[in-house]
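Colleague: Can you walk me through this one? I'd like the overall picture and then the contact between chains.

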Amino acid sequence: MKTVVLMGNPNVGKSGIFSRLTGTRVITSNYAGTTVDVSRGKLHLPDGPAGVIDAPGTYSLTPTNPAEEVAAAILGEADVVVNVVDATNLERNLYLTLETLERGVPAAVALNLWDEAGHQGIGIDVAGLEALLGVPVVPTVGLSGEGIRELVGRLGEARPSATIRPMSEEERWAAVGRITGAVQTIAHRHHTLADRVSEASIRPVTGGLIAIAVIAAAFLAVRWIGEGLIAFFFEPLFDLYTPIVMRASDLLGPGILHEILIGRLIGGEIDYVESMGLLTTGLYVPFAMILPYIVAFYLVLSILEDTGYLPRLATLADTFFHRLGMHGYGIIPVFLGFGCNVPGALATRVLETKKQRFIAATLMSLAIPCMAQIAMVFGVLGPFGLRYVVMVFATLALVYVAAGLILNRVVPGECPEIFLEIPPYRMPDLRATATKTWMRVRGFVGEAIPYLFLGILLVNLLYSVGFLDLLAAAFAPVMEAWLGLPAGAAVALLVGFLRKDLAVGMLVPLGMSPEQLVIAVTMLTIYFPCVATFVVLFRELGARGMLAAAGVMVTTALLVGGALRVILIGF
Amino acid sequence: MIAMERTLLELEPGMQGTIARFIGSPGFVRKLRTIGIREGKTLTVVTRHPLGGPVVIEVDGREVTLGRGMAVRVVVDVAA
């Protein structure tokens with residue numbers, strides 16, 4: 001089977017073309033030996049089916065980051081290359097085009113965003129470009145699907161370029177200028193409203209206000225969509241499921257198997273949050289409590305990405321994140337972490353160096369509570385007064401900044417500066433957004449949920465053999481002497497490794513003062529990530545990185561917990 | 001027209017200049033060129049974020065954000 005590879009710069013609508021070519025049956029996975037996601041699909045060519053690979057966006061074949069290395073490696077697998085070019089920015093895109101054609105691989109060029117180029121008064125002589133490049137050139141509009149059929153039809157004509165020969169870098173730059181000059185005409189255009197909106201959203205003051213509005217809207221949308229999914233889809237689903245589990249519970253009768261599969265009955269009933277059985281809590285927590293928010297979060301994130309807003313947010317956030325050893329993109333893991341730490345940990349990949357990724361991942365695990373945990377904090381501390389909730393979040397914000405300033409100084413490695421292109425605002429393509437959301441949700445289900453299941457099983461086994469009580473007794477001195485908390489809080493912290501929201505709930509029956517609750521809840525956020533995040537961090541940072549991060553977490557938790565105790569309770 | 005050499009970082013928002021040369025490794029130069037920041041191009045400073053924040057420029061109708069450490073290594077000719 002032939003392999004068709006899509007190559008192109010970032011932000012040229014490559015994934016739109018990809019989803020137009022392949023339809024819905026798409027697999028996204030890590031490229032072998034890397035953490036870079038690559039999408040693969042299938043396409044029907046006149047001479048049979050072909051595999052399609054969507055290479056990560058790259059500006060050149062001389063890679064400067066892992067994603068670009070993958071793009072260069074994927075080119076080696078190609079029988080045919082479709083070079084997706086931004087028609088509104090031909091000159092810059094041509095460098096990669098020439099580099100690709102110099103490799104002598106059969107190729108075709110998709111002049112994408114053709115409609116946008118027209119609106120901007122940019123004209124390109126397609127036949128002229130085709131003659132100069134020596135490969136088929138087809139104008140396309142990924143959003144509407146215009147030109148896709150012709151592109152597929154002409155893939156058969158794709159052959160190594162007869163006109164482009166290997167050349168030096170300087171010659172290539174000269175050729176880029178020459179070709180652009182020969183085929184492109186630009187009509188003078190005035191500043192449009194879109195230009196003014198774009199500029200307002202990257203200036204410090206107006207941009208800051210817009211950013212606050214966008215973030216608030218995003219959070220509200222996530223909450224609204226998530227709650228809607230729970231109320232109208234997942235809860236009714238579990239209402240149908242309850243009689244089945246109750247029947248299973250009766251059939252099993254009491255015993256260890258019941259303990260593990262169904263868990264403890266609360267007042268003779270199954271409590272999906274507290275029962276802790278594999279078939280009860282093990283299904284309910286991931287599917288009815290996390291998944292709806294994950295779906296909502298990824299939908300909103302995909303829309304934010306596709307409109308082109310995120311590079312603007314990164315620009316605004318850079319001044320702050322630069323001081324913590326990251327750069328503007330450091331805001332992305334934070335943003336995602338508030339939804340769920342697992343995608344937050346994965347999002348540290350947007351940063352270039354190991355040092356930056358380590359700092360981003362460690363800070364997120366330390367100080368960013370996930371959506372479920374936030375809801376529980378409000379539920380538990382809210383009744384005592386909003387100021388206790390504020391105490392928790394103010395402490396966490398302080399920890400984020402302080403730990404970031406310290407890590408930036410002590411962690412060895414490089415901190416490259418922000419350098420990114422700000423794409424024009426675009427209307428998100430619903431099809432591409434839906435596909436992207438679906439692929440991410442599927443990835444989450446596949447990666448996070450099995451570990452959650454395993455975690456519940458483990459805790460159940462440890463609980464039934466009395467190990468948890470033993471551990472609580474062992475940690476009692478630290479709890480009581482250092483943190484001023486009852487020994488029982490240790491069990492909650494242990495369960496927190498599994499589910500932090502669940503652990504916050506377990507603090508309630510201990511009858512603590514609001515000050516003690518503030519300490520316990522803050523500790524719970526800082527001391528360690530939940531098992532799903534832990535596994536992802538382990539994969540992203542490696543064993544040594546994870547060990548270092550865990551050291552930072554435990555140390556910070558003990559220091560902050562001790563300090564809070566002195567401030568809130570006294571000696 | 002008399003032109004004066006300035007680093008990009010010295011340009012105030014709204015000012016225009018023609019890119020003259022870059023100070024840095026071939027890798028640094030390639031990174032700038034491939035994103036569209038090339039010698040001979042005219043750039044406009046859109047904004048410069050305070051407190052050591054990044055600089056946003058416009059080249060060929062496209063906006064690019066770059067850190068100050070990079071901006072200081074881009075030399076531009078400004079009409080005096």
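Colleague: Is helix α20 (residues 489-496) of chain A largely enclosed or open, and why?

Modeller: Largely enclosed by the rest of the structure, because eight of its eight residues are buried. A residue is buried if 20 or more other C-beta atoms lie within 10 Å of its own, exposed if 12 or fewer, and partly exposed in between, with C-beta atoms placed from the backbone. Among the buried residues of α20(A) are A:Ala489, A:Val491, A:Leu494 and A:Gly496.

Colleague: What should I know before reading the rest?

Modeller: This is a predicted model: local features need pLDDT of at least 70, side-chain atom pairs count only at pLDDT 80 or more, and totals for chains, interfaces and linings use all residues. Residues are numbered from 1 along each chain as its sequence is written, and chains are lettered from A and ligands numbered from 1 in the order in which they are written.

Colleague: What is the average pLDDT of chain A?

Modeller: It averages 85, and 96% of the residues score at least 70. pLDDT is the predictor's confidence in each residue, from 0 to 100.

Colleague: Which elements of chain A have the lowest and the highest mean?

Modeller: Strand β2 (residues 27-30) of chain A has the lowest mean pLDDT, 58. Strand β8 (residues 137-139) of chain A has the highest, 95. Where pLDDT is low, the predicted coordinates should not be read in detail.

Colleague: How many helices and strands does chain A have?

Modeller: There are 23 helices and ten strands in chain A. Helices (H or I, at least four residues) and strands (E, at least two) are DSSP runs, numbered from the N terminus. The radius of gyration of chain A is 27 Å, close to the 25 Å of the globule rule for 571 residues, so chain A is as compact as a globular protein of that length. That radius is taken over C-alpha atoms, and the rule is 2.2 Å times the number of residues to the power 0.38. Buried residues make up 47% of chain A.

Colleague: How does β5(B) join strand β10 (residues 419-422) of chain A?

Modeller: Through four bridges, and the two strands run antiparallel. A:Ile422 stands opposite B:Glu63. Two strands pair if DSSP finds at least two bridges between them.

Colleague: What is the strand order in the open sheet?

Modeller: Seven strands, in the order β10(A)-β5(B)-β4(B)-β3(B)-β2(B)-β6(B)-β1(B), with antiparallel pairing. The edge strands are β10 of chain A and β1 (3-7) of chain B.

Colleague: What lies across β10 of chain A?

Modeller: Helix α12 (residues 310-323) of chain A, which also lies across β4 (55-59) and β5 of chain B. The helix runs at about 135° to β10(A). Axes are lines fitted to C-alpha atoms, for helices over the stretch in contact, and angles run from 0 to 180 degrees between N-to-C directions.

Colleague: And β3(B): mostly covered or mostly open?

Modeller: Mostly covered, with five of its seven residues buried. β3(B) pairs with β4(B) over five antiparallel bridges, and B:Val45 stands opposite B:Ile57 there. Three antiparallel bridges join β3(B) to β2(B).

Conventions:
Contact = placed C-beta atoms within 7 Å.
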